[in-house]
Amino acid sequence: MDFNANADYAIAARGVRKTYGGAGKSPPKEALKGIDILVKRGSIFGLLGPNGAGKSTFINILAGLVNKTAGEISVWGFDIDRNPRQARAALGIVPQEINMEVFFTPLEGMEIQAGLYGVPKSQRRSMEILKALGLDDKANAYVRQLSGGMKRRLLVAKAMVHSPPILILDEPTAGVDIELRKQLWEYVVKLHEQGVTIVLTTHYLEEAQELCEEIAIINHGEVVACEPTEKLISSLDRKTLMVTPNEEIAAAPDLGPLSADLKPDGNLAIHYQPSETRVAEILERLNAAGVSVKDLTTLEADLEDVFLELTYHKTA
């Protein structure tokens with residue numbers, strides 16, 4: 001990782017640590033243990049991890065809400081310690097928690113937010129952004145009248161009032177129905193096409209796999225993986241061969257070192273490592289066990305498999 005070329009990265013973090021002081025008999029807690037993260041400009045970057053892994057702590061440090069204990073971070077080329085104002089102005093952050101002024105309309109809230117960022121009235125795009133997120137018909141309704149999904153989209157709208165080059169989405173689709181989720185992602189993809197860098201945290205791993213070009217996985221305050229998405233998935237040396245026998249079988253055959261499970265639908269699931277076993281060898285073992293094959297399908301590993309392997313299975 002070349003941390004000297006910060007101009008090439010939207011976010012560059014090196015050796016970032018955060019230790020929360022203990023209270024009473026509770027010892028200090030190290031939330032981040034020297035993490036290194038590089039987010040390329042113009043990319044969609046996934047920041048994944050179990051609850052309590054340290055994702056929100058890292059985002060709060062970027063936002064200036066939490067002070068890091070050690071390490072260096074630059075945002076859009078600005079060091080967050082030496083140029084905090086410029087660094088924060090480069091970010092639009094959509095938090096997990098829905099927290100907004102209920103006594104203002106969405107349009108009023110957008111205008112107030114734009115004013116706080118010093119956006120001149122002639123350059124404000126409040127209605128344009130609300131329309132892009134399907135909220136233009138609610139522009140003059142009170143926020144307390146909006147549904148949870150609409151409030152979450154309004155958080156995205158408010159994060160974009162100052163046209164930041166980086167948008168951080170912290171669990172943006174939590175509690176959002178399928179239709180609204182699709183609309184939200186369409187807007188995010190459009191922003192990305194316009195050159196906005198997107199940083200996404202989500203527990204919907206299929207979203208991350210589909211959208212993100214690169215993914216970092218944090219577990220217990222450490223980065224356990226940071227790779228392009230395809231490379232990360234291919235790093236898990238595991239596949240499943242689904243076999244449909246010509247004739248019904250009563251039990252899974254003995255395939256030596258290979259594990260085989262008989263499914264309720266009569267198919268065989270054979271788990272193997274592509275680096276050690278070829279499909280032809282599996283077919284030979286099936287033939288030797290007296291199982292003739294009618295059809296077969298290979299199931300590839302996905303991001304969920306990798307995530308579980310690097311987090312829950314590793315700590316089990």
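**Figure 1. Salt bridge between Glu-128 and Arg-125 in the predicted model.** Glu-128 pairs with Arg-125 in a salt bridge whose closest N and O atoms are 3.1 Å apart. The model shown in this and the other views is predicted. Both partners fall in the intermediate accessibility class: Glu-128 is partly exposed, at 49% relative accessibility, and Arg-125 is partly exposed, at 26%. A search of the whole structure gives nine salt bridges; the pair of Glu-128 and Arg-125 is a salt bridge of this kind.

**Figure 2. Salt bridge between Lys-68 and Asp-81.** The closest N and O atoms of Lys-68 and Asp-81 lie 2.7 Å apart, and the two residues form a salt bridge. Two distant parts of the chain are linked by this pair. Lys-68 belongs to the loop between helix 1 and strand 4, while Asp-81 belongs to the loop between strand 5 and helix 2 (84-89). Lys-68 counts as buried because its relative accessibility is 18%, and the cut-off for buried is under 20%.

**Figure 3. Salt bridge between Glu-281 and Arg-285 within helix 9.** The side chains of Glu-281 and Arg-285 meet in a salt bridge, with an N to O distance of 3.6 Å. Both residues are in helix 9, four residues apart, so about one helical turn separates them. Glu-281 is partly exposed, with 24% relative accessibility. Arg-285 is also partly exposed, with a relative accessible area of 28%. Side chains of opposite charge can pair when their charged atoms come close.

Figure 4. Four strands in the order 12-13-11-14 make up an open sheet with antiparallel pairing. Strand 12 (259-262) and strand 14 (293-299) are at the edges. Each edge strand has a single partner strand, so one side of each is left without a neighbour in the sheet. On average, neighbouring strands of this sheet are turned by 20° against each other, direction ignored. Strand 11 (residues 239-245) pairs with strand 13 (residues 268-272) in the antiparallel sense over five bridges. Leu-241 stands opposite Ile-270 of strand 13. Helix 9 (residues 279-288), the helix of the previous view, lies across strand 11, strand 13 and strand 14. The direction of helix 9 makes about 135° with that of strand 13.

Figure 5. Strand 1 and strand 4 (residues 70-75) run antiparallel and are joined by five bridges. Ile-11 stands opposite Val-75 in strand 4.

Figure 6. Asp-8 is located in the segment before strand 1 (9-20). Asp-8 is exposed, with a relative accessible area of 51%; the cut-off for exposed is over 50%. Leaving aside residues up to four places away in sequence, Asp-8 touches Lys-40 and Arg-41. The C-alpha atom of Asp-8 is separated by 34 Å from that of Gly-134, which is 126 residues away along the chain.

**Figure 7. Packing of helix 5 against helix 6.** The axes of helix 5 (residues 148-159) and helix 6 (residues 178-193) come within 11 Å and cross at roughly 10°. Helix 5 is therefore roughly parallel to helix 6, as the cut-off for this class is under 35 degrees. Helix 5 contributes Gly-149, Arg-153 and Val-156 to the contact, and helix 6 contributes Leu-180, Gln-183, Leu-184 and Tyr-187. By class, the contact has four nonpolar, two polar and one charged residues.

**Figure 8. The whole protein, for orientation.** The protein has 11 helices and 14 strands. Its C-alpha atoms fill a box of roughly 75 × 45 × 45 Å along the principal axes. Of the 316 residues in the protein, 44% are buried. Among contacts between residues at least 6 apart in sequence, 69% join residues at least 24 apart.

Notes:
Residues numbered from 1 in each chain as written. Predicted model: local features only at pLDDT ≥ 70, side-chain atom pairs only at ≥ 80, totals over all residues. Heavy atoms only, no water. Buried < 20%, exposed > 50% of the residue type's maximum accessible area, 1.4 Å probe, protein only. Contact = heavy atoms within 4.5 Å. Axes fitted to C-alpha atoms, helices over the stretch in contact; angles between N-to-C directions. Parallel < 35°, antiparallel > 145°, perpendicular 65-115°, else oblique. Nonpolar A, V, L, I, M, F, W, Y, C, P; charged D, E, K, R; others polar. Pairing = 2+ DSSP bridges. Salt bridge = Lys/Arg side-chain N within 4 Å of Asp/Glu carboxyl O.
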